[in-house]
Amino acid sequence: MEKKKLLVLFTVFLTALILMSAGCIGQSAQTGTPAGETLAENTADGSQHADVVYLSGGDYGYPQPFTIYPRGPGSSKVGMIFDSLVERDEIGIIPWLAESWEVSSDGMEYTFYLREGVTWSDGEPFTASDVKFTFDYEQENVPISGGIESGVVDNVQVVDPNTVKFVLVQPASSFLYKLTSFNIIPEHIYKDVSDPFTFLDPEAVIGTGPFLLDEYNKEHGSYRFVTNDNFWGPDTAVEAVEFIPVSDSLIAFEQGQIDFTSISPDILDRFTSDPDVRIVQQPAFWGYQFYFNMKACPELADRRVRQAFAYAIDRDELVKKIARGAGKSGKMGILSEDHIWYNPDQPEYSYDPEKAGELLEEAGWIDTDGDGIRDKNGEKLSYVLSLGSGEVRIGELIKERLSEAGIDVQVKALESKSRDTNLKNGDFELLISGFGGWGADADYLRTRYCDTTQSGSVSSGAAVFGYHNDTLNALGTQELQELDDEKRKEIVYDMQTVLANDIPAIPLYYTTSYDVWRISKYDGWMNMYDHHARTHSILSYLERDRIAAKR
Amino acid sequence: MEKDRNSFIFRLLSTLFVILAINFFLPRMMPGDPFSTTSADEVGEEIIVMTEEQRLYYLNYYGLDRPLYEQFLVYMKNLMTGDLGRSIYYKMPVSDVIMLHLPWTVLIVVGATVISTISGVILGTLSAKNRKKGSDRIMMTGLIAFAEIPSFLLGLILLLVFSVYLRLFPLAGAVTPFADYNGPAEQAWDILYHAFLPIVTLSLSQLTGVYLLTRNTLITVTTKDYIRTARAKGLGEKTVWIRHALRNALLPVVTRTGFMIGIMMGGVVLVESVFSYPGIGMTLRSAVVGRDYPLIQGILLVIAVSILVCNLLVDKIYGKLDPRVGI
């Protein structure tokens with residue numbers, strides 16, 4: 001008797017639940033914009049000014065370079081307060097605290113001519129000695145982000161109050177790019193601070209930048225930035241920026257609590273007919289990479305085997321089924337097609353299981369015992385694929401495709417940090433990891449895939465995974481020393497061709513989420529040429545005139 | 001008596017030491033360290049990937065490159081002076097981080113304990129009084145079915161219905177951001193307004209247990225001789241139920257309430273996540289994800305100590321309710 005009643009009650013509850021959730025996502029899921037179909041652009045003019053812009057918050061630490069958290073957008077909040085010598089706009093690097101600069105012909109000396117009349121927000125003048133101080137100080141106290149790693153700059157010299165010279169250890173073509181995130185801190189404040197990691201005073205956030213930190217609440221994860229009236233640069237187009245805590249940014253956006261958010265393609269339809277909402281896709285600068293461990297599995301050192309993987313994995317399917325169309329499939333030259341130096345003329349690998357089979361046969365992998373898995377000398381082509389718990393569906397699809405080519409894969413989901421540790425220690429066979437920064441300076445092709453660099457970057461995995469290519473190493477060395485951008489671009493193109501032939505790793509796909517914002521609130525959002533998030537650019541909050549004029 | 005007390009204190013201290021040791025070594029046995037993150041957890045998330053040089057610098061700065069036993073000794077020594085260490089992720093003293101977030105958790109846990117105990121006892125009494133009648137059956141099946149819903153799911157449903165559709169309650173947080181209050185009354189109201197749904201969720205998840213316990217104990221108690229005696233003395237039904245039956249039936253309920261706080265401290269992690277409520281549970285979660293050893297140790301210690309204290313309190317209250325039990 002009791003059981004029956006229970007059952008009835010439960011059914012009622014479940015039905016109610018299904019109905020509720022159907023009301024929530026049902027209608028849009030059925031009519032979601034199919035992959036590839038471009039959106040009709042909202043051509044209406046939006047507001048170019050706002051008193052306050054509300055954005056999704058969360059605690060990312062006190063916004064000075066030493067106290068932000070390594071996870072999340074802490075560094076962009078530091079950038080609202082602290083300026084760098086050079087900044088990034090839609091196209092490239094622009095002058096910022098440095099009005100102009102000169103590079104010596106051997107590429108060893110960078111001389112920066114600083115803007116005059118710049119003051120810190122407490123009224124003290126900004127000078128070349130602040131720049132030198134920042135560098136010296138950060139050699140002792142390594143900041144969370146924006147520091148210059150050792151082995152790049154030998155020393156910094158103050159030439160006169162408005163001129164500062166960086167002497168490098170060796171020519172580094174990506175040096176200027178590194179400086180775009182090198183935030184200058186005030187000497188007159190920090191010189192007395194022995195431990196900046198515990199420095200949470202109001203003085204810790206005195207900068208030269210366009211905004212002041214008006215309020216920060218750690219426990220609730222809210223920030224309020226207001227215009228710095230002493231700012232040397234263009235006026236702020238947004239008087240104040242408030243980051244407020246939300247549990248679900250989509251709902252908060254729909255209810256008008258925040259003015260900007262990113263959404264999944266499944267719910268696009270809710271906004272496409274709203275004349276007040278602008279929808280723009282992000283550039284493809286966040287992606288998933290598939291790693292081979294050639295040290296642990298020597299047969300993977302055979303290029304044909306890795307190429308077979310590239311043919312067998314259906315990357316378009318991943319974009320369609322996992323990213324729901326909001327992504328671009330991986331290019332074997334590593335750089336995404338939205339990267340400024342993407343080489344459109346590189347070897348392509350479209351989904352072709354037959355070709356994969358041919359390559360494996362050529363390499364001597366044949367299914368001799370008819371179990372569907374290829375083998376050679378008694379060894380089976382069978383691997384464990386490690387990934388984070390959020391990437392299981394990607395892993396399952398890949399497993400299916402690879403089994404068609406006769407490669408056996410077991411998917412092993414790990415907690416994120418365990419996966420990272422295995423990746424770092426080379427303790428895996430195949431592995432998937434997702435990260436951002438694919439739009440950054442192309443020098444990362446060198447640091448990740450050349451095993452010549454002794455650079456300590458965790459992701460410079462070539463040595464760890466047992467990948468070695470002399471041609472690539474030579475190109476990498478050239479690229480690092482080439483100061484002419486056009487020539488350097490040529491080298492980077494060549495590097496992509498080499499990589500695409502060799503497949504040291506497979507970028508699976510890069511995501512292109514949809515940004516949505518209310519144009520009547522504020523419409524001045526812009527993308528830096530190397531970054532996917534519009535809200536992270538300082539220029540998004542400024543008038544686009546003078547130094548920051550649109551190019 | 002003196003001997004008893006000594007052995008009691010000894011037991012308490014050794015329990016504490018074991019807890020401390022587990023709190024210290026367990027987090028350090030997880031793979032990775034606070035600075036070795038290379039992958040993001042969700043699409044579009046940004047992480048700062050540290051160079052090996054940076055990683056070693058920070059390991060040294062926080063003393064994590066020293067032998068484990070040495071770190072443990074330092075930890076124990078600092079603990080003696082009341083120093084819980086400094087959070088690696090938040091860069092603040094662990095005690096400050098805990099003091100920021102603990103009050104919120106205490107608010108919803110205590111609120112939920114009070115509400116679920118009181119309403120559980122009331123419903124249980126009503127049910128026992130109307131035993132085998134319709135209302136008893138409906139309550140019984142309804143509440144048991146309810147107890148099967150995991151608390152985070154319940155929280156999600158409440159959030160969807162009351163915050164998203166009806167817009168009666170806030171979507172997240174514990175206070176209105178950047179609010180200017182006209183006096184403490186308005187502030188208290190704002191805090192209660194934000195705490196309401198988390199408290200209700202937690203209460204509902206605990207309600208059934210209290211209800212069933214009250215109901216069943218009452219049913220057992222009411223068959224006892226002393227109840228018959230009380231009735232025979234001609235006492236009114238109300239007095240019999242409240243002074244004689246309920247008072248005796250409450251003993252196990254009090255014990256349960258003590259344990260309940262411990263259970264809720266665990267469940268609160270999920271509920272806080274659903275409501276983005278800035279309590280200790282959310283903090284623990286991010287501390288584990290970020291391998292923030294000092295913070296994990298600190299929070300686990302607070303939870304362990306609060307459970308120990310609750311058990312002690314239960315013993316004390318027990319003594320008050322039932323003079324036969326004494327410590």
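This is a predicted model: local features need pLDDT of at least 70, side-chain atom pairs count only at pLDDT 80 or more; totals for chains, interfaces and linings use all residues.
Reader: Start me off with chain A. How many helices and strands are there in chain A?

Author: Chain A has 16 helices and 21 strands.

Reader: What box do its C-alpha atoms fill?

Author: Along the principal axes, the C-alpha atoms of chain A fill roughly 80 × 70 × 45 Å.

Reader: What share of chain A is buried?

Author: Buried residues are 48% of the 551 in chain A.

Reader: Which domains does chain A have?

Author: The domain assignment gives two entries. Domain 1 covers 2–208 + 515–549, and domain 2 covers 286–511.

Reader: How many residues does each domain put into the contact?

Author: Domain 1 of chain A puts in 14 residues, and domain 2 of chain A puts in 16 residues. On the domain 1 side, seven are nonpolar, six are polar and one is charged.

Reader: Let's pick a strand. Is β1 of chain A mostly covered or mostly open?

Author: Mostly covered. Strand β1 of chain A runs over residues 50–56, and five of its seven residues are buried.

Reader: Which strand is β1(A) joined to?

Author: Strand β10 of chain A, residues 238–244. Six bridges join the two, and they run parallel. One example is A:Val52, whose bridge partner in β10(A) is A:Ala240.

Reader: Switching to chain B. How many helices and strands are there?

Author: Chain B has eleven helices and zero strands. Read along the sequence, its pattern is α-α-α-α-α-α-α-α-α-α-α.

Reader: What does chain B span, and how much of it is buried?

Author: The C-alpha trace of chain B spans about 85 × 60 × 40 Å along its principal axes. Of its 327 residues, 37% count as buried. Among its contacts between residues at least 6 apart in sequence, 72% join residues at least 24 apart.

Reader: Where are the domains of chain B?

Author: Domain 1 of chain B is 2–80, and domain 2 of chain B is 94–321. Their centres, taken over C-alpha atoms, are separated by 31 Å. Ten residues from domain 1 and nine residues from domain 2 make up the contact. The domain 1 side has six nonpolar, two polar and two charged residues.

Reader: Which residues of chain B does A:Phe435 contact?

Author: Leaving aside neighbours within four places in sequence, A:Phe435 is in contact with B:Thr38, B:Ser39, B:Ala40 and B:Ile47. A:Phe435 is found in strand β19 (residues 430–436) of chain A.

Reader: Why does A:Phe435 count as partly exposed?

Author: Because A:Phe435 has 18 C-beta neighbours inside 10 Å, while a buried residue needs 20 or more.

Reader: And A:Ala440, where is that?

Author: A:Ala440 is in the loop between β19 and α13 (444–449) of chain A. A:Ala440 is partly exposed, with 17 other C-beta atoms within 10 Å. A:Ala440 and A:Ile340 are 100 residues apart in sequence, yet 9.4 Å apart in space, C-alpha to C-alpha.

Reader: Last topic, the cores. How many residues has the largest nonpolar core?

Author: It has 132 residues. Among those with the most contacts inside it are A:Leu85, A:Ile258, B:Ile108 and B:Met264. Helix α9 (residues 237–274) of chain B gives the most to this core, with 13 residues. Apart from this core lies another, of 66 residues, including A:Ala284 and A:Tyr383.

Reader: What does B:Ile108 touch?

Author: Not counting residues up to four places away in sequence, B:Ile108 touches B:Ala195, B:Pro198, B:Ile199, B:Leu202, B:Val268, B:Tyr277 and B:Gly279.

Note on methods
Residues are numbered from 1 along each chain as its sequence is written. Chains are lettered from A and ligands numbered from 1 in the order in which they are written. A nonpolar core is a set of buried Ala, Val, Leu, Ile, Met, Phe, Trp, Tyr and Cys residues joined through C-beta atoms within 7 Å. A residue is buried if 20 or more other C-beta atoms lie within 10 Å of its own, exposed if 12 or fewer, and partly exposed in between; C-beta atoms are placed from the backbone. Helices (H or I, at least four residues) and strands (E, at least two) are DSSP runs, numbered from the N terminus. Two residues are in contact if their C-beta atoms, placed from the backbone, lie within 7 Å. Domain bounds come from an automatic or database domain assignment. Ala, Val, Leu, Ile, Met, Phe, Trp, Tyr, Cys and Pro count as nonpolar, Asp, Glu, Lys and Arg as charged, and the others, Gly among them, as polar. Two strands pair if DSSP finds at least two bridges between them.
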